[in-house]
2 protein chains.
Amino acid sequence: MTKLVAVALLLTIVCHGCTAEQGAPASSGGGAPKMILIIGDGMDQHQITIARNYLVGYEGRLTLDTLPERSSVQTQTLAEEDPRVPEYVPDSANTATSMATGIITSAGRIGTTAGTDHDAVSIMELAAAAGFGTGIVTTSSVTDATPASFVAHINQRLCESPRAMVTRNPTNPAFSTDCSQDLRANGGKGSIAEQIAASNVDVVLGGGARNFDQPAEGETATTVSDLAAANGFRLVRTPAELAALAPGGKVLGLFSPGTLGVQWRGAGDAKAEEVAHVDGRVVYPEAFGCEPNPEFDTMPTVEAMARAALTQLDDGGSFLLMIESASIDKQSHLRRPCGQIGELKQLDDTVKMVLEYARSHPETLVLVTADHSQAAQLIPETSVLAALNAASPGHFARVRTLEGAVMGINYATNDSSQEDHSGADVPLFAYGPGAEEIPAQIRQADIFGIMLRHLGLTPPTSSSAP
Amino acid sequence: MTKLVAVALLLTIVCHGCTAEQGAPASSGGGAPKMILIIGDGMDQHQITIARNYLVGYEGRLTLDTLPERSSVQTQTLAEEDPRVPEYVPDSANTATSMATGIITSAGRIGTTAGTDHDAVSIMELAAAAGFGTGIVTTSSVTDATPASFVAHINQRLCESPRAMVTRNPTNPAFSTDCSQDLRANGGKGSIAEQIAASNVDVVLGGGARNFDQPAEGETATTVSDLAAANGFRLVRTPAELAALAPGGKVLGLFSPGTLGVQWRGAGDAKAEEVAHVDGRVVYPEAFGCEPNPEFDTMPTVEAMARAALTQLDDGGSFLLMIESASIDKQSHLRRPCGQIGELKQLDDTVKMVLEYARSHPETLVLVTADHSQAAQLIPETSVLAALNAASPGHFARVRTLEGAVMGINYATNDSSQEDHSGADVPLFAYGPGAEEIPAQIRQADIFGIMLRHLGLTPPTSSSAP
């Protein structure tokens, strides 16, 4: 839908966690304020501890561990059927919508309100309207829930492409789609891919080419990529093309048909499995280490994409850049601990590079956070009750670390093909002007307010679009 | 063992997380510095989010949420067999030992070093030696791992009483004990109860009477309680006796044979159960709310014990008070979500009272933390894949909240009678002088250094006892 919600009003509702001092504009170090938001999808405290143990050992420190300020973020989700009632476990659509727009909405929604389906203006739209640079980097499809929430407005996250707008999934009706009210034929903005193609975001880098390499709604020959090109996007498809790109002008980089391949996998493609029972005795799985994933070969790293985006955006003016390492979450859904660890490493490497940028550009506020918590738990590699034949239910992996010990990692939210999310608060790390003003406990929608204030942007006071 | 480790040396090893500024003595607001450490056993981020949702609803805030400073604490554990190698999931003994003494040790050890079994001097011993008031409050047996680590030195946590010093558990050898080197007959300090009875801690309040109501080692008529009384402890056994106690002099309050009864339970004693399958279809368990636990009737609240301890200790001088809500952990082991929530409520109520004290005594530093993370996970009450007949493995509860929604809570670390701990970093909340100097990420042993500096205590520079 296109009716925009008055965000100023909502801000007064959602900013319980902010101190009075936070209301003041942040010092931006003298230059034009720059905002970099880094999201580790599903990067909760278990994922961070697991990755630290593997990547740097129990005596080591991640770059994440060195950020000077830290807060904890409560996620909030409303029931679509009755938005007065909460749900306690979010998805990446409603959480990214909270960060991008400052509203609380229902699972699966992209930049729209629960129940009433009004569009909520996003920080990226406000930044673009103010003439600031804007960028999105993700290892997911650029049409996936997290990046989409910063650009698009649609009632269902799965409406990523023209073909996906109205679909039926007879096996699991929850995965069917009906975004008919947003079809362009019905006066809507079209699919997420079409909304990205029509957007004024300067830099969009990630996966999801298949959602752009298909006819736009109502067209036979014109693809969504064609629409993007007509709207001024330079289209790149390989890391080499990305690296060769001159600064200036819009860019849409799509490096994979869907999600980008991940950097690491378990040795021999090992992942968590159900624990075996042989002759009534529990047989714990063999421990494994991590190895490079051959499918990653043609992918750009998150750091390379983030660096390219900074090269495009760093013109002395203000900008907003959202960077997502998406497959921490996706690999946890698939019970692949090495995949998770490698994608957290990608995020940590990127944080390091971004901090170097921020140190030489002191008007830069860097926030690093997760959108929601995930299934994987760090548990004993051998239960305290192992002598009683105790074993992990669900799926279990034993990962051998570089310091010669073994981590037990459990996935047990449900017994089907994929794990569910979990609902714990997630961490927020901060560096830069105003970082020390962020309260110790906030709500996810407060992140919108923090970014808005740092950039000196004014929320819309009416229902008009920016 | 009795040989004391030089903690000054160890401090230089474990304080990687501390900033340079942290080395300076904290401002204590002008008066004699007071230190209150509140430990929620097993109180990780899932437990806090679950409790918030139930106790104050998704729009509400716990007292915990209002503390001005927050850090994240990495737990560290060494293997007993080879202390050069880490383990990734701790227990309450080695974690409390890290906080109490600044060393890293192996699971199950109380104030002693991994492998070598040397005693490490505790902050409470240093405080007592400096003439400061000292106090311990817990809902567990006062001989249990967390309180014990602040007073005692022994190689196994289960050696709580004279009778428990050497025992054999044929079913699970991990639960056998051999503390023969610490028998008084062998020149040791005896069981944990005997070490508490012989200690100069001023206030000890909690459970565990059965460990004191038995003959001391080598005695037939003299109980451990008799030893405590001979050492100057006034003995109290009921909340009424506690409330009537005049300030001044030592007190040992034991309000239960073992762990204190918990405040809440599931309605009709409901807890998490394995999900049923009927005719091949999953049947999700009925949702339940929480109700008062009848067994709690004769127990003092944590807040009442903490208030009594403050009444005893508040004489204008410095003191160190450790307060533990122990059964957040124990109820999670037993898959009882309402038990966990009620015990977190007890902690939160106590934090509120302690903050009131600290506001009127600005020389008070309050730290609130957990010792380790636990099994319970907040997951969807209905899986996203429920249409595919997906259900939680392990044990699952659906808890109805006061705002009319349902939380799914999962326990799936192993399939035996009790859950294991988990290994994620835990939160630290801080209020008072120096709180804002605590780095965003620390290690658990750093808590010892923070308390030491706030109290202005000097670690021993030799191997001598304080």
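Helix α9 (residues 302-313) and helix α11 (residues 337-360) of chain B pack with their axes 8 Å apart, at an angle of about 30°. That makes α9(B) roughly parallel to α11(B). This is a predicted model, where local features need pLDDT of at least 70, side-chain atom pairs count only at pLDDT 80 or more, and totals for chains, interfaces and linings use all residues. Residues are numbered from 1 along each chain as its sequence is written, while chains are lettered from A and ligands numbered from 1 in the order in which they are written.

**A few terms**

- Helices (H or I, at least four residues) and strands (E, at least two) are DSSP runs, numbered from the N terminus.
- Axes are lines fitted to C-alpha atoms, for helices over the stretch in contact, and angles run from 0 to 180 degrees between N-to-C directions.
- Angles under 35 degrees count as roughly parallel, over 145 as roughly antiparallel, 65 to 115 as roughly perpendicular and the rest as oblique.

**Helix α11 of chain B and its partners**

- On the α9(B) side, B:V302, B:E303, B:A306, B:R307 and B:L310 meet B:Q346, B:L347, B:D349, B:T350, B:M353, B:V354 and B:Y357 of α11(B); residues are in contact if their C-beta atoms, placed from the backbone, lie within 7 Å.
- Sorted by type, the residues of this contact of α9(B) with α11(B) come out as seven nonpolar, two polar and three charged (Ala, Val, Leu, Ile, Met, Phe, Trp, Tyr, Cys and Pro count as nonpolar, Asp, Glu, Lys and Arg as charged, and the others, Gly among them, as polar).
- Helix α11(B) also packs with α2(B), this time at an angle of about 85° and with the axes 9 Å apart.
- The pair α2(B) and α11(B) are therefore roughly perpendicular to each other.
- Here B:Q47, B:I50, B:A51, B:Y54 and B:L55 of α2(B) meet B:P337, B:Q340, B:I341, B:L344 and B:K345 of α11(B).
- That contact of α2(B) with α11(B) has seven nonpolar residues, two polar and one charged.

**How the two chains go together**

- Chain B superposes on chain A by a rotation of 180° with 0.0 Å of shift along its axis, at an RMSD of 0.0 Å (by least squares on the C-alpha atoms of residues with pLDDT of at least 70 in both).
- The two copies are thus related as by a two-fold rotation axis.
- Both copies use the same surface, as 98% of the contact residues of chain B recur in chain A.
- Each chain puts residues into the contact: 57 from chain B and 57 from chain A.
- In chain B, the elements giving two or more residues to the side that touches chain A are α2 (45-55), β3 (69-74), β5 (86-87), β21 (377-379) and β23 (406-411).
- Helix α2(B) supplies the largest share of that side, five residues.
- The side of chain B that touches chain A divides into 26 nonpolar, 22 polar and nine charged residues.

**An enclosed helix**

- Nine of the ten residues of helix α12 (residues 446-455) of chain B are buried, so α12(B) is largely enclosed by the rest of the structure.
- A residue is buried if 20 or more other C-beta atoms lie within 10 Å of its own, exposed if 12 or fewer, and partly exposed in between, with C-beta atoms placed from the backbone.
- Among the buried residues of α12(B) are B:F448, B:M451 and B:H454.

**Loop residues to look up**

- B:T223 sits in the loop between β10 (203-207) and α7 (224-230) of chain B, and is partly exposed, with 17 other C-beta atoms within 10 Å.
- Eleven residues apart in sequence, B:T223 and B:F212 are 6.5 Å apart in space, C-alpha to C-alpha.
- B:N169 is in the loop between β8 (166-167) and β9 (177-178) of chain B, and is exposed, with 12 other C-beta atoms within 10 Å.
- Not counting residues up to four places away in sequence, B:N169 touches B:F175 and B:S176.
- A:D117, in the loop between α3 (92-101) and β6 (119-120) of chain A, has a positive phi near 60° although not a glycine.
- B:D269 is another residue other than glycine with a positive phi, near 70°, and lies in the loop between β13 (264-266) and β14 (273-274) of chain B.

Definitions and conventions: Contact = placed C-beta atoms within 7 Å.
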